[in-house]
Amino acid sequence: MNVATKVDEAVSHACPALLVGCWEDGPSDPQLNQLDAALVGAVAALYQQREFTGKLNRAKLLHTFGRIAADRVVLVGLGKQSELTPDRLRQAAGSALNALQGSGIRECSSILHLAGRGGTEAVQATVEGLLLAGYAFDKYQTSQEENGRVSDVTILFPDAAANQAAASRVAETKAVCDAVWFARDLVSQPGNVATPTYLAERAREMAGSLGIRCTILEREEMERLGMGALLAVSRGSHQPPKFIVLDYRGGSEQQPPVVLVGKGITFDAGGISLKPGEGMEKMKDDMAGAAAVMGTMMAAATLELPLNLVVLVPAAENLPGGGAYKPGDVLHSMAGKTIEIVNTDAEGRLVLCDALHYAQQYRPAALIDVATLTGACVIALGPFASGVMGNDRGLTRELREAGELTGERLWELPLWEEYGELLKSDIADMKNAGGRSAGTISAGWFLKEFAGGNKWAHLDIAGTAWEEKGRPYLPKGATGVGVRLLIQYLRGVS
Ligand code: BES
Ligand code: MN
Ligand code: ZN
């Protein structure tokens with residue numbers, strides 16, 4: 001999808017569809033009043049008849065019959081003026097775009113940001129809403145629908161100064177949304193395509209085009225390093241594991257990097273502790289953490305953020321093949337800690353623990369892992385927030401703040417000592433699973449043991465990586481959650 005900016009008046013701007021924000025408090029906006037006058041009161045009539053009330057995310061498409069230069073107007077509700085937030089604007093922009101999908105209209109122009117006072121934050125929110133809502137994964141639908149999707153959006157500015165002030169923000173927002181699309185594509189790809197090898201290829205390709213250093217560690221190298229936990233998980237599958245390292249240097253040489261680790265289980269059947277069949281197909285999304293950190297790297301390098309960033313992806317498939325690891329097995333992690341396996345379906349923490357230990361060599365300024373780690377997190381927070389845990393309140397607070405700004409909200413759970421009891425093993429240093437109680441926390445606690453002395457945080461995106469129903473700017477399917485959040489966080493530290 002393309003996004004452009006243009007200096008033009010709403011009434012005289014020619015386009016197939018003009019997107020206009022409307023308040024629930026009535027048509028009080030000067031922009032809207034001017035449009036409505038040209039439209040001989042069509043908008044006021046809709047409000048009067050209560051056919052359209054400006055309620056958040058409600059949209060109404062009007063034909064203009066040549067009364068203004070645009071062929072159509074899409075009115076979209078912004079809710080009450082006093083309740084406007086960047087996320088409401090993001091949602092309204094998504095809803096406006098959704099109102100056009102399937103109608104054959106390929107281009108539209110927007111003055112939605114003007115309702116949000118027109119500042120750069122409002123511009124960013126509307127561009128995000130439009131670009132994120134416009135995503136679809138239709139690579140495998142061989143008979144494409146006749147009416148395609150919107151491919152071009154234009155953001156209108158009343159004068160050259162406003163356009164100038166927002167232009168670079170529009171370009172940056174487009175770069176970040178492209179990275180979200182990249183992450184969504186990776187997650188949407190089925191498991192027979194998106195194998196560990198495929199993830200490694202996409203990482204190499206992306207790194208090549210952006211001048212990022214990329215190293216792929218193969219099984220032999222992992223063996224040499226003693227990554228016993230990651231290797232054990234990979235053994236039930238014929239797909240070889242890959243350990244992806246992306247290294248971007250945008251800061252000074254001495255500056256310690258931020259290290260991001262993403263869970264890259266390209267399919268999670270549960271292994272010998274096999275998952276039930278129903279819904280198992282969704283477990284192709286178990287590499288959404290990997291997609292999030294790879295997308296973050298893509299955006300950070302495109303934006304040339306002035307910091308050093310390392311991305312690590314331990315990638316494997318968790319299947320119950322003949323060589324699979326088993327309940328009762330004891331593994332040697334790279335950190336030297338031994339792990340008793342009580343459930344082979346708690347595989348994410350095993351691939352992550354070796355990656356977290358591998359990260360120690362970078363002496364990271366902050367170490368953050370992202371993972372679709374626990375079903376318990378889906379139960380606790382549903383699709384509306386990711387879980388966050390960590391060993392540094394400053395870091396978890398910065399991440400939560402980035403979550404509020406981006407609409408990728410986080411909720412913190414405690415990692416009190418007592419939770420460690422859940423992982424005590426009779427035969428090894430720890431068990432890999434702590435049972436049903438506090439499932440998200442015991443998983444976080446397990447990871448904490450491998451963070452060393454570093455400032456570390458863990459994001460559990462099990463509930464937020466895949467949208468079941470479809471929301472204004474989150475079409476059904478992969479959300480690409482984490483990319484916008486982490487970019488916002490990185491902007492704050494660089
Ligand atoms: N990938 C799953 C977590 C998951 C479950 C993500 C549902 C999204 C939706 C993870 O590997 C897993 O299976 N976790 C187990 C852990 C348990 C065995 C301790 C779980 O949550 O059931
Ligand atoms: Mn699992
Ligand atoms: Zn998993």
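## Packing of α11 against α14

In this predicted model, the crossing of α11 and α14 is right-handed, a crossing being right-handed if the near helix is turned clockwise from the far one by less than a right angle, and left-handed if anticlockwise. Helix α11 spans residues 348-359 and helix α14 residues 439-448; the two pack at an angle of about 30°, with their axes 9 Å apart. α11 is therefore roughly parallel to α14. Angles under 35 degrees count as roughly parallel, over 145 as roughly antiparallel, 65 to 115 as roughly perpendicular and the rest as oblique. Axes are lines fitted to C-alpha atoms, for helices over the stretch in contact, and angles run from 0 to 180 degrees between N-to-C directions. Helices (H or I, at least four residues) and strands (E, at least two) are DSSP runs, numbered from the N terminus.

On the α11 side, Arg349, Leu350, Leu352, Cys353 and Leu356 meet Ala443, Phe446 and Leu447 of α14, where contact means heavy atoms within 4.5 Å. The residues of this contact comprise seven nonpolar, no polar and one charged. Ala, Val, Leu, Ile, Met, Phe, Trp, Tyr, Cys and Pro count as nonpolar, Asp, Glu, Lys and Arg as charged, and the others, Gly among them, as polar.

## Packing around α10

Helix α6 (residues 160-188) packs against α10 at an angle of about 155°, with the axes 8 Å apart. The two helices are therefore roughly antiparallel, and the crossing of α6 and α10 is right-handed. Residues of α6, including Ala175, Phe182 and Leu186, meet residues of α10, among them Ala288, Met294 and Thr302. By class, the contact of α6 with α10 has 13 nonpolar, two polar and one charged residues.

The axes of α10 and helix α15 (residues 483-493) come within 8 Å and cross at roughly 50°, which makes α10 oblique to α15. This crossing of α10 and α15 is also right-handed. From α10, Ala292, Val293, Gly295, Thr296, Ala299 and Ala300 take part, and from α15, Val483, Leu486, Ile487 and Leu490. The contact of α10 with α15 has eight nonpolar, two polar and no charged residues.

## The two metal sites

The zinc ion (ligand 3) is coordinated by Lys263 (NZ), Asp268 (OD), Asp286 (OD) and Glu347 (OE), at 1.9 to 2.4 Å. Donors are N, O and S atoms within 2.8 Å of the metal (3.2 Å for Na, K and Ca); water is not among the atoms, so sites may look incomplete. The six donor atoms around the zinc ion subtend angles of 78 to 174°, which makes the arrangement octahedral. Four donors count as tetrahedral if all angles lie between 85 and 135 degrees; four count as square planar and six as octahedral if opposite donors are over 155 degrees apart and all others between 65 and 115; anything else is irregular.

The manganese ion (ligand 2) is coordinated by Asp268 (OD), Asp345 (O), Asp345 (OD) and Glu347 (OE), at 2.1 to 2.2 Å. Its six donor atoms subtend angles of 71 to 169°, which makes the arrangement irregular. Asp268 bridges the manganese ion and the zinc ion, which lie 3.1 Å apart. Distant parts of the chain are linked here: Asp268 lies in strand β10 and Glu347 in the loop between β13 (338-340) and α11, 79 residues apart.

## Basis of the values

Residues are numbered from 1 along each chain as its sequence is written, and chains are lettered from A and ligands numbered from 1 in the order in which they are written. For this predicted model, local features need pLDDT of at least 70, side-chain atom pairs count only at pLDDT 80 or more, and totals for chains, interfaces and linings use all residues, while side-chain values use heavy atoms, with hydrogens and water left out.
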